[in-house]
Amino acid sequence: MTDAPRRLLLLIIAFALAGGALFFVFRGDSDYGLFDLLRGRKAPRGKPGTHKVEDFTLPQGARLDPEDVPGLNRLNEEIAAVTSKVLPSVVSIAAAVEQAEGGPGEGKPKRVARPRLGAGVIVTEEGHVITNYHVVHGVSGVLVRLANDRLLPAEIVGASPRVDIAVLKIVTPEDETFPALPFIEDSDAVRAGEFVISVGNPYGLRRSVAMGNISAKERRFSDGSADLFQISTPMVPGNSGGPVVNVFGEVIGINTAIYRQDQRAPLWSAVGMAIVANDARDTLFAILKRGKPIYGYLGVHVQIPAVYSHLLAFDNSVRYPMEVAGVEPGSPAEKAGLQRGDVIVEFAGEVPKNFNEFKKIIRRQPAGEEVQIMVRRNKGEQRLVATMAELDPQALLRRAAGVTGEAAAEYLKRSIGAEVRNLNADEKKRRRLKPGEGGVLVTDIHPGSPAAGRLAKGDFVAICNGVPFANAAQFGKLIEERPGDRVDLLITRGDGRAGALNLLVEVIPRVIEDPR
């Protein structure tokens, strides 16, 4: 090819390339062209399916140095340090509750194991675990998962429904030592406002840690209930039985039921409660040494003098004397000479400031022990001596033997506004209840009654003022002969599929003239 044709071909190629470039620069539907670049406009983001590398600058370093917040930094480190020492002693509990599924016409019901979640804390090097009674009551088997994810069976050594404490023993092929947490020396010394760490198994989320404080002490929701700590840490299903520890890693309480004054309120408005360490430790020692907790029994019913009742309406902290309202026949109180109208000034060397403190002093006296009682009678004082007996929680229930189911149901309807029924054989079998155990199912609630907003249709109730009962007759007797105005009920709500919810409910019985 000569030079002329070659130059012509190169010229044609050059014009083609220039025309293509000008087309893309000046075409009307272009999002970005040469003139946009010359004008300084930024290129738009890529179209769907394309990617454009973004410019970004990440900030470096913290906004504050540890020296700026020394207190918070130290608190952060110390709380993490306490938690690292506590977690190895906390176990997650999975208990199996067998239930029957299948309705009428569906053939033979099949047995299905439903899980019941909870937590516990190892308190002895031999592997004894403290949890709640309601976590393991009526279960067919218990498994505990350790902090290292080992899953081991556990046997129930003993339990106290009154305190809501159960003691388990981890079963291992060989003897081994477990990391145990110590109890605080005296939980009465715990102060409101102290920092606490609560560990549990909420909704099966193992080893969940929450930090809060002691909101209040000596919470109780009936005249028959034990003292509890009110805590600000969350309390949801699965947290039951987990430890509440102080900043030294000592157990000061055991998470227990959720308390809700109005059951229509949402779950997050519930208040968390913890069994105080003194009660938990005493129950542990009694179960390990004697196989069951044993409480002192005096056999006296007391009341608040009328003038103090009026003062208590304005100030719950008022100290008041105990006036004897009744003495049980054949009891240590009757043998000691206590009479109706006596005012108890001193008992076992202590001056009780209210009914609950008096009750605690009585319970911790060992059976067979002689105690001094100072009473005020006819404007003078007398000193009496009583020999303590052992409390038999079932004695009151035996007095319900002559009460018919219809009479008890009518009394319950008129006193608390709840209609209940006994469990049938299938329901007892489904809940794995032993002979003599039982409870009632709530079938209806009357508007405006004491139970309204607290109990609900379908609730299972089996413990009243810490005493398990088997049927409506015993339930009615426990309410009728309650030690004071209030009763507390531990109820189970839910069918177990989403995790049954255990609630501590306060009810103040009163006579309802027309429940309907």
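Visitor: Is H12 mostly covered or mostly open, and how many of its residues are buried?

Guide: This is a predicted model, so read each value as computed from it. A residue counts as buried under 20% relative accessible area. In H12, eight of the nine residues are buried, so the helix is mostly covered. They are Ala472, Ala473, Gln474, Phe475, Gly476, Lys477, Leu478 and Ile479.

Visitor: What is found at the start of H12?

Guide: Look for a side chain that reaches a backbone atom. A side-chain oxygen of asparagine 471 comes to within 3.2 Å of the backbone nitrogen of alanine 473.

Visitor: At what angle do H10 and H12 pack?

Guide: Compare the two axes. Helix H10 spans residues 405-415 and helix H12 spans residues 472-480. They pack at about 45°, with axes 8 Å apart. The two helices are therefore oblique to each other. Their crossing is left-handed.

Visitor: Which residues make the contact?

Guide: Take each side in turn. H10 brings Ala408, Tyr411, Leu412 and Ser415. H12 brings Ala472, Ala473, Phe475, Gly476, Ile479 and Glu480. Sorted by class, this contact has seven nonpolar residues, two polar and one charged.

Visitor: Is glutamate 427 buried or exposed?

Guide: Check the relative accessibility. For glutamate 427 the value is 11%, so this residue counts as buried. Glutamate 427 sits in helix H11, residues 425-430.

Visitor: Which side chain does glutamate 427 join in a polar contact?

Guide: Here you look at pairs of side chains. The side chains of glutamate 427 and arginine 421 are joined by a polar contact of 2.7 Å. Now leave aside neighbours within four places in sequence. Glutamate 427 is then in contact with Arg421, Asn422 and Leu441.

Visitor: Where do alanine 348 and asparagine 378 lie?

Guide: Find the elements on either side. Alanine 348 lies in the loop between strand E16 (343-347) and helix H8 (355-363). Asparagine 378 lies in the loop between strand E17 (370-377) and strand E18 (380-387).

Terms used. Residues numbered from 1 in each chain as written. Predicted model: local features only at pLDDT ≥ 70, side-chain atom pairs only at ≥ 80, totals over all residues. Heavy atoms only, no water. Axes fitted to C-alpha atoms, helices over the stretch in contact; angles between N-to-C directions. Helix = DSSP H or I, 4+ residues; strand = E, 2+ residues; numbered from the N terminus. Parallel < 35°, antiparallel > 145°, perpendicular 65-115°, else oblique. Left-handed = near helix turned anticlockwise from the far one by under 90°. Contact = heavy atoms within 4.5 Å. Nonpolar A, V, L, I, M, F, W, Y, C, P; charged D, E, K, R; others polar. Buried < 20%, exposed > 50% of the residue type's maximum accessible area, 1.4 Å probe, protein only. Polar contact = N/O pair within 3.5 Å; in protein donor to acceptor, adjacent residues only side chain to side chain.
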